[in-house]
Amino acid sequence: MASVAERAVLEEEFKWLLQEEVHAVLKQLQDILKEASRRLTLPVSGSGGAVKQENFVLSTAGTDQVKGVLTLQGDALCQADINLKMPRNNQLLHFAFREDKQWKLQQIQDARNHVNQAIYLLMNRDVNYQFKTGLEVLKLMDAVMLQLSRARNRLTTPATLTLPEIASSGLTKMFTPALPPDILVNFYINLNKLCLTVYQLHVLQPSTTKNFKPAGGSILHNPGAMFEFGNQRYEVSHVHKVECVVPWLNDALVFFTVSLQLCQQLKDKVMALEKGLCF
């Protein structure tokens with residue numbers, strides 16, 4: 001059991017934590033998360049205020065079936081130029097976004113919204129705010145950590161989609177020339193990478209002896225996956241995945257990790273002091 005003198009020291013330390021250290025950590029968190037938000041918003045080019053465009057080359061080791069260049073402007077793909085070599089006959093197909101089209105990357109938008117929500121929670125407890133209890137600090141840290149975990153998960157966990165969902169997405173209508181009916185494409189963020197998956201399909205004839213079993217939702221469907229779309233049954237024959245690293249996504253993920261660690265460290269300190277005061 002803590003002596004009277006030890007308890008007095010602990011109480012003084014706890015008082016200092018609530019009045020001084022918590023605010024120092026909150027300020028540090030705000031600074032880091034504002035940097036993360038800036039990365040996800042992207043810098044503007046020149047004095048015009050427009051978000052700058054960045055070009056990325058898509059590639060993957062060991063295959064040249066799909067090549068492409070993507071132009072990213074903030075959270076939108078504003079240009080995509082893709083070459084696809086068909087395995088059956090080595091025919092080269094070329095597709096590009098129509099000039100009037102952009103594809104919003106919802107994962108980036110959502111991640112930024114969660115970061116901004118975390119910043120809002122922190123700014124609500126400005127330097128003049130007096131924390132009365134450790135529980136108050138713990139609740140705030142939990143709320144901030146929830147938003148940061150959601151932001152990180154949006155970048156690290158792409159949506160699972162069924163093949164009919166990919167086939168009916170607006171993305172299929174963005175290309176010129178139009179995508180042939182036996183090609184599906186999907187763009188998504190995975191960690192610090194922008195990924196493109198191209199699915200080549202073949203039609204399952206009504207006379208086929210194959211047991212038709214529609215595939216469920218997945219981030220990446222494998223050859224042999226079957227689905228029905230527009231009264232027609234298809235099977236995936238080839239899958240090509242190419243990707244490019246987006247440096248500022250990597251920065252954002254590092255900021256999320258550092259911020260979550262800071263939150264946890266503050267929680268641990270509050271709980272350790274409260275435990276000491278209970279004895």
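## Helix α3

In this predicted model, helix α3 covers residues 134-156, and its 23 residues reach 32 Å from the first C-alpha to the last, close to the 33 Å expected at 1.5 Å a residue, where the expected span is 1.5 Å times one less than the number of residues. Helices here are DSSP runs of H or I with at least four residues, strands are runs of E with at least two, and both are numbered from the N terminus.

Several residues of α3 are buried, among them Gly134, Val137, Leu138, Met141, Val144, Met145, Leu148 and Leu155; buried means under 20% relative accessible area, exposed over 50%, and partly exposed in between, with a 1.4 Å probe and protein chains only. An α-helix has 3.6 residues a turn, so residues three or four places apart point the same way. The buried residues of α3 pack against α1 (4-41), α2 (106-123), β9 (183-190) and α5 (247-278), a contact being heavy atoms within 4.5 Å.

His23 is found in helix α1, and His23 counts as buried because its relative accessible area is 9%. Leaving aside residues up to four places away in sequence, His23 touches Leu18, Arg125, Asp126, Val127, Tyr129 and Phe131.

Leu196 has its place in strand β10, which spans residues 193-203, and Leu196 is buried because its relative accessible area is 0%. With residues up to four places away in sequence again not counted, the residues that Leu196 touches include Leu58, Val66, Ile82, Val185, Phe187, His240 and Val242. Leu196 and Glu21 are 175 residues apart in sequence, and their C-alpha atoms are 45 Å apart in space.

## The whole chain

The protein chain has five helices and twelve strands, and buried residues make up 42% of its 279 residues.

The C-alpha atoms fill a box of roughly 85 × 55 × 35 Å along the principal axes. The radius of gyration of the protein chain is 25 Å, whereas a compact globule of 279 residues would have one near 19 Å; this radius is taken over C-alpha atoms, and the globule rule is 2.2 Å times the number of residues to the power 0.38.

Residues are numbered from 1 along each chain as its sequence is written, and side-chain values use heavy atoms, with hydrogens and water left out. For this predicted model, local features need pLDDT of at least 70 and side-chain atom pairs count only at pLDDT 80 or more, while totals for chains, interfaces and linings use all residues.
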